[in-house]
Protein chains: 2
Amino acid sequence: MAAVHLALIHYPIVDKHGDCVATSITNLDIHDLSRAARTYGVDRVWLVHPYEGQQQFLATVLEHWRKGWGSDYNPTRREALDFTVGALDLNEVYAGITAQHGTSPLFVATSARSYPNSISYPDLRTRIDDPNGPPICLVFGTGWGLHPEVMVEMDLILHPIIGRGPWNHLSVRSAVSIILDRLLAGDMQR
Amino acid sequence: MAAVHLALIHYPIVDKHGDCVATSITNLDIHDLSRAARTYGVDRVWLVHPYEGQQQFLATVLEHWRKGWGSDYNPTRREALDFTVGALDLNEVYAGITAQHGTSPLFVATSARSYPNSISYPDLRTRIDDPNGPPICLVFGTGWGLHPEVMVEMDLILHPIIGRGPWNHLSVRSAVSIILDRLLAGDMQR
């Protein structure tokens with residue numbers, strides 16, 4: 001199986017007016033994404049934000065659960081957060097994954113629109129199941145979604161998540177969980 | 001297709017010591033579960049808590065997004081929360097679903113353990129796809145999980161979510177999202 005990484009982008013993001021903004025790192029995103037990633041064997045969760053103060057906030061949360069009072073209170077939370085790291089931008093994620101695996105990653109995002117480089121869940125699953133394949137980094141946006149300047153850097157775009165009907169305004173916590181399950185759950189479960 | 005409901009239980013819940021406790025309704029659970037439920041065509045989300053003050057908190061949040069400032073700021077959030085209601089206990093959920101559909105529901109929970117009434121995801125999916133089947137109410141716990149006195153009231157118990165390996169300490173927001181996707185996503189997506 002190829003290595004799978006997960007990146008949550010806080011800048012550049014679009015807001016409801018389509019303007020380019022930075023969003024805040026939230027405590028619950030750190031926990032929910034890390035717990036889902038640990039469940040599905042994701043290598044690392046990268047929380048991407050260019051501001052030093054936001055990275056300091058992330059470091060404080062991680063320290064509490066890895067080494068502080070929280071590590072004794074809830075050891076499974078420590079295990080979940082052991083693979084969570086900060087990065088200032090996607091270039092740092094790219095360099096980190098390349099250094100770890102000796103191969104540069106493919107960046108894969110999701111979008112509600114179709115692109116020339118769109119890929120289905122079964123096809124990406126087949127790629128991940130190839131032990132000689134490159135690392136896959138799943139990229140998720142906060143706010144109203146990834147800014148176009150990030151989208152054009154993506155190697156592949158996953159089809160949007162469709163439930164029953166056209167309404168699909170999922171939280172990023174739900175979207176990450178569902179996509180990890182679609183790509184990485186054992187066949188016995190499905 | 002059978003009607004599907006979702007209930008999030010805040011009492012009786014077990015804490016990390018196995019003691020019976022009530023947990024608080026959280027703002028983000030209201031939003032994340034409602035958004036996932038709307039995406040997958042769930043009939044209603046029931047937030048179950050016996051305390052009047054907690055139900056008042058829920059009512060305030062719902063009012064803000066359905067009729068207050070939030071309804072104009074984010075109309076899709078209003079659409080998500082239109083199907084979210086409070087209930088004091090599971091009896092009220094049972095009575096409400098029975099009154100709505102004219103048939104009493106099956107209660108289905110998840111558990112990390114095996115039970116005599118365990119059911120797989122494909123088998124429950126088959127039941128849901130039966131348009132003449134009874135309503136299905138998926139029941140989720142907060143805290144460290146549903147108290148045994150709730151578990152014994154369940155008609156069916158879904159297999160635990162397994163990702164890659166034995167570690168599966170997902171947030172309830174992730175678990176709800178994954179289970180709705182496994183049971184209700186279209187075949188084209190999988």
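**Notebook: core, sheets and the chain pair**

I started at B:Val108. Leaving out residues up to four places away in sequence, B:Val108 touches B:Leu124, B:Ile136, B:Cys137, B:Leu138, B:Val139, B:Met154, B:Asp155, B:Leu156 and B:Leu158. I count two residues as in contact if their C-beta atoms, placed from the backbone, lie within 7 Å.

I note that this is a predicted model: local features need pLDDT of at least 70, side-chain atom pairs count only at pLDDT 80 or more, and totals for chains, interfaces and linings use all residues. Residues are numbered from 1 along each chain as its sequence is written, and chains are lettered from A and ligands numbered from 1 in the order in which they are written.

**Core**

I looked up the largest nonpolar core and found 95 residues in it. A:Val108, A:Val139, B:Val108 and B:Val139 have the most contacts inside this core. Such a core is a set of buried Ala, Val, Leu, Ile, Met, Phe, Trp, Tyr and Cys residues joined through C-beta atoms within 7 Å. Buried means 20 or more other C-beta atoms within 10 Å of a residue's own; 12 or fewer is exposed, and in between is partly exposed.

**Sheets**

I took chain A next. Its 7 strands form an open sheet with parallel pairing, in the order E5-E4-E1-E8-E6-E9-E7. Strand E5 (84-87) and strand E7 (118-119) of chain A each have a single partner strand, so one side of each is left without a neighbour in the sheet. Helices (H or I, at least four residues) and strands (E, at least two) are DSSP runs, numbered from the N terminus. Two strands pair if DSSP finds at least two bridges between them.

I checked one pair in chain A: strand E6 (residues 106-110) and strand E9 (residues 156-158) run parallel, joined by 3 bridges. A:Val108 has A:Leu156 in E9(A) as its bridge partner.

I checked another pair in chain B. Strand E1 (residues 4-9) and strand E4 (residues 45-48) of chain B run parallel with 4 bridges. B:Ala7 stands opposite B:Trp46 in E4(B).

**Backbone**

I looked for cis peptide bonds. One joins A:Tyr11 and A:Pro12, with omega about -5°. A:Pro12 sits in the loop between strand E1 (4-9) and strand E2 (13-14) of chain A. In chain B, the bond from B:Tyr11 to B:Pro12 is cis, with omega near -5°.

I moved on to B:Ile13, in strand E2 of chain B. B:Ile13 has 19 other C-beta atoms within 10 Å, so it is partly exposed. Its contacts include B:Val21, B:Gly141 and B:His147.

**The chain pair**

I then took the interface. 33 residues of chain B are in contact with 33 residues of chain A. Helix H1 (27-39), helix H4 (75-81) and helix H8 (172-184) of chain B are the elements giving two or more residues to the side that touches chain A.
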